[in-house]
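Let's walk through this fold together, one region at a time. Keep the viewer open as you read.

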Amino acid sequence: MAGRLQGLGGMRVYEKIVLAFDGSREARTALREGALLACRYQSTVWLLCVLPESKGLALAEGAQPGAAEHIIAASHELVQDGLEKLRSLGLTATGHVLRGDPANTISAFAREVSADLVVLGHRRRSFLERWWNGPSGAYIVDDVECSLLVARRPISDAEFAEELARRAAKTAP
């Protein structure tokens, strides 16, 4: 149990972490915070990309047949890239790309894997984006049954590499 946070009654917490994002660069870099947390507690990680069913996606598909499949394929590539990075940190990680309402999809997935923590990547959206895409994800805090961390501070490539090197130096014999 070395390296694990002990909760009430000796219960281990942050053993199972879901890192959830929408595919955006901002959200992916924010998830580095969750990856560092997973490293600290040697957590099992699920990388979850949720593509909301949106009017924009439907219009793109109508205007350009195959557009949705292209977006899904690109999301799978992002998840695979993320999995490689998580695994290079020594973490056990699996990835999923799902479509649906982000709040409901993330909450259901977290329940399915019995997650202790959900880490959300976040990016600010403009008024037009919120109007166009609707309030997806707005109520996840009411639906998720475990702890929730909204990772708002993007961690740069340099900061992330520096932190990983620092951690590696601490654990080196």
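Helices here are DSSP runs of H or I with at least four residues, strands are runs of E with at least two, and both are numbered from the N terminus. Gln42 is not a glycine, yet its phi is positive, and it sits in the loop between H2 and S4. With a relative accessibility of 48%, Gln42 counts as partly exposed; the scale used here calls a residue buried under 20% relative accessible area, exposed over 50% and partly exposed in between, with a 1.4 Å probe and protein chains only. Ser114 lies in the loop between H5 and strand S6 (117–121), and at 45% relative accessibility it is partly exposed.

Before going further, a word on what you are looking at. This is a predicted model, with local features requiring pLDDT of at least 70 and side-chain atom pairs counted only at pLDDT 80 or more, while totals for chains, interfaces and linings use all residues. Residues are numbered from 1 along each chain as its sequence is written, and side-chain values use heavy atoms, leaving out hydrogens and water.

Now for the overall picture. The protein has 8 helices and 7 strands, and 37% of its 173 residues count as buried. Its accessible surface comes to about 10,000 Å², with 56% of that belonging to carbon and sulfur atoms; these areas come from the Shrake-Rupley method with a 1.4 Å probe, and for residues only the protein chains shown count as cover. Among contacts (heavy atoms within 4.5 Å) between residues at least 6 apart in sequence, 79% join residues at least 24 apart.

Take a look at S4 (residues 44–51), which pairs with S5 in the parallel sense over 8 bridges. Within this pairing, Trp46 has Thr94 in S5 as its bridge partner.

Arg32 is buried because its relative accessible area is 13%. Arg32 forms a salt bridge with Asp157, the closest N and O atoms being 2.4 Å apart; the term means a side-chain nitrogen of Lys or Arg within 4 Å of a carboxyl oxygen of Asp or Glu. Asp157 belongs to helix H8 (residues 157–171) and Arg32 to H2, so the pair ties together parts that are 125 residues apart in sequence.

The whole structure holds 4 salt bridges. Another is formed by Asp81 and Lys85, at 3.3 Å between the closest N and O atoms. Both lie in H4, 4 residues apart, about one turn of the helix. An α-helix has 3.6 residues a turn, so residues three or four places apart point the same way. Asp81 is partly exposed at 31%, and Lys85 is partly exposed at 43%. Arg111 and Asp143 also meet in a salt bridge, at 4.0 Å from N to O. That pair links helix H5 with helix H7 (residues 140–143), across 32 residues.

Finally, visit Thr105 in H5, which spans residues 102–112. Thr105 is buried, with a relative accessible area of 14%. Beyond its neighbours within four places in sequence, Thr105 is in contact with Val50, Leu98, Arg99 and Gly100.

Technical notes: Two strands pair if DSSP finds at least two bridges between them.
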